[in-house]
Amino acid sequence: TLLASQIPMNISFSSGNRRRYAYAQAVANYLKKQYSYSMDLEELPSGTDAIEYFLSEGRKGYCMHFASAGVAILRHLGVPSRYASGYVIPKNGFTKTEDGYVAEVLDSQAHAWVEIYLDDIGWVPVEMTPGYADSVPGNRTEVVIEAEPEQSEEIPSSETASEPSDAGE
């Protein structure tokens, strides 16, 4: 897409996982700075693609818009990516019982994010939606990816509690 050429990227990695992750972070930062989060959206004009409208005219949306746009841009850049969805439950939403922990899961806790594929690691979540930086399960732990022989960089883990959707793959 033309939009991909407008995203500021100063990425010096020539290939591999570090480049993919750097692209994902650049796209996430761009979307978070250039678009607004809102649940109160105008009616979509008839026959209009929701994500094209979000990126070109509407410029505001919720997690589904940010994640879908992120996947489209990343795929255009050659980064294997997919749309994932699940629920975000805060730690204080869990109650300890005799059998473990339980939580009430509400429709309002539904969320969507992007996952990118990193070689030898698998699918790693990347948050595209403003204000959800700590909501993606992988932001709680770290994994190491190889940069150059003998070097590594820490990035979020692909460990998630929800099953990602393969929609849009």
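How many bridges join S6 to S7, and in which direction do the two strands run? Five bridges join them, and the strands run antiparallel.

Before going further, a word on the ground rules. This is a predicted model, in which local features need pLDDT of at least 70 and side-chain atom pairs count only at pLDDT 80 or more, while totals for chains, interfaces and linings use all residues. Residues are numbered from 1 along each chain as its sequence is written, and side-chain values use heavy atoms, with hydrogens and water left out.

**Overall layout**

The chain has three helices and nine strands; helices (H or I, at least four residues) and strands (E, at least two) are DSSP runs numbered from the N terminus. In sequence order, the pattern reads α-β-α-β-α-β-β-β-β-β-β-β. The chain has 169 residues, and 37% of them count as buried, where buried means under 20% relative accessible area, exposed means over 50%, and partly exposed is in between (1.4 Å probe, protein chains only). Among contacts with a separation of 6 or more, 55% are between residues 24 or more positions apart, a contact being heavy atoms within 4.5 Å.

**The sheet and its helices**

S6 and S7 belong to an open sheet of three strands, ordered S3-S6-S7 with antiparallel pairing. Two strands pair if DSSP finds at least two bridges between them. Strand S3 (81-87) and S7 are the edge strands, each pairing on one side only. On average, neighbouring strands of this sheet are turned by 40° against each other, direction ignored. Leucine 118 stands opposite glycine 122 in S7.

H1 lies across S6 and S7 and runs at about 150° to S6, whereas H3 lies across S3 and S6 and runs at about 15° to S6. For these angles, axes are lines fitted to C-alpha atoms, for helices over the stretch in contact, and angles run from 0 to 180 degrees between N-to-C directions.

**The nonpolar core**

The largest nonpolar core has 29 residues, of which Leu31, Leu55, Leu74, Ile116 and Met128 touch the most other members. Such a core is a set of buried Ala, Val, Leu, Ile, Met, Phe, Trp, Tyr and Cys residues joined through side-chain atoms within 4.5 Å. Helix H1 (16-34), helix H2 (50-58), helix H3 (63-76), strand S6 (110-118) and S7 each give two or more residues to this core. H1 provides the largest share, eight residues. In soluble globular proteins, nonpolar side chains tend to be buried together.

Methionine 128 touches residues that include Ala24, Ala28, Leu31, Phe66, Leu74 and Val114, with residues up to four places away in sequence not counted. Valine 126 lies in strand S7 (residues 122-126) and is buried, with a relative accessible area of 2%. Leaving aside neighbours within four places in sequence, valine 126 is in contact with Tyr21, Ala24, Gln25, Ala28, Trp113, Val114 and Ile116.

**Salt bridges**

The structure holds two salt bridges, each defined as a side-chain nitrogen of Lys or Arg within 4 Å of a carboxyl oxygen of Asp or Glu.

| Aspartate 119 | Arginine 20 | 3.4 Å |

Glutamate 115 and arginine 82 are both buried. In the other pair, aspartate 119 is partly exposed, with a relative accessible area of 38%, whereas arginine 20 is buried at 18%.

**Two loop residues with positive phi**

Arginine 59 has a phi near 55°, a positive value in a residue other than glycine. Arginine 59 sits in the loop between H2 and strand S2 (60-61) and is partly exposed, with a relative accessible area of 30%. Aspartate 120 has a phi near 65°, also positive in a residue other than glycine. The loop between S6 and S7 holds aspartate 120, which counts as exposed at 82% relative accessibility.
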